[in-house]
Amino acid sequence: MREVGAELSEFDAGVLTEAVALVRWHVDHRFHHLDGTPTRPTAGGWERRTTDDVVWPRTDPAIMVMITDGADRCLLANGVGWPSDRYSCVAGFVEPGESAEAAAHREVGEEVGVTLTDLTYVASQPWPFPRSLMLAFEGVADPTARIVVQDDEIAHARWFHRDELAAALRGEAGPLRVPPSISISRFLMERWLAKVEPRLVG
């Protein structure tokens, strides 16, 4: 999916996303979550059943936040285990009892140590790694605030000027490699850049 998604039509990418998520769900739910009873696929793969119960596929909500300074810079993070020049928006799963907005504030605070203002919902995207629905936001943070990364998840984070991001989106070599075009993180980057400097994209 990561390798071929950008080459597919929107329809085909949607079908593949659905298939990957369902396959992962079947692999992870061969046994009932309460009593360990073996389950079997039914309804063309959209259910798994035991003698007494039925289980349906689940989707886990997650947030993705494009952090900006409200002007010319955005704060991106490099994940542990990634190539050192690969950066993305901050992301994380919504926890039980938590709204998507609360998760965005919490994850940004935990992962890069800054406080968000002006948080705005942008869009959503199904993401089959493993079975997520990415809820994308844009928020503003103080660029003078100290960045403190959650070192078990984030290797480092830094502010990038819009010119650096524009160059990365054009595929130019530099300090920043952006996510592939299938990612909603990439969409957030392109959307923000088009807002702050329309002539740099398109």
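Student: Where does Ser88 lie, in a helix, a strand or a loop?

Tutor: Ser88 lies in the loop between β5 (73–79) and β6 (90–93). Helices (H or I, at least four residues) and strands (E, at least two) are DSSP runs, numbered from the N terminus. This is a predicted model, with residues numbered from 1 along each chain as its sequence is written. Local features need pLDDT of at least 70, side-chain atom pairs count only at pLDDT 80 or more, totals for chains, interfaces and linings use all residues, and side-chain values use heavy atoms, with hydrogens and water left out.

Student: Thanks! Is Ser88 buried or exposed?

Tutor: Ser88 is buried, at a relative accessible area of 9%. Buried means under 20%, exposed over 50% and partly exposed in between (1.4 Å probe, protein chains only).

Student: And which side chain does the Ser88 side chain make a polar contact with?

Tutor: That of Ser185, at 2.8 Å. A polar contact is a pair of N or O atoms within 3.5 Å; within protein, one must be able to donate a hydrogen and the other to accept it, and residues adjacent in sequence count only if both atoms are side-chain atoms.

Student: OK, new topic: where is His32 found?

Tutor: His32 sits in the loop between α1 and β1 (40–42). His32 also counts as buried, at 7% relative accessibility.

Student: Which side chain is joined to that of His32 by a polar contact?

Tutor: The side chain of Asp53, at 2.7 Å. His32 and Asp53 are 21 residues apart along the chain, and their C-alpha atoms are separated by 8.6 Å.

Student: What else does His32 touch?

Tutor: Leaving out residues up to four places away in sequence, His32 touches Thr37, Thr39, Thr50, Asp53 and Val55. Contact here means heavy atoms within 4.5 Å.

Student: Which elements have the lowest and the highest mean pLDDT?

Tutor: Helix α1 (residues 10–28) has the lowest, at 85, while helix α2 (residues 100–112) has the highest, at 98.

Student: And where is the pLDDT below 50?

Tutor: Over residues 198–202. Beyond near neighbours in sequence, that stretch has seven contacts in the model.

Notes: pLDDT = per-residue confidence, 0-100.
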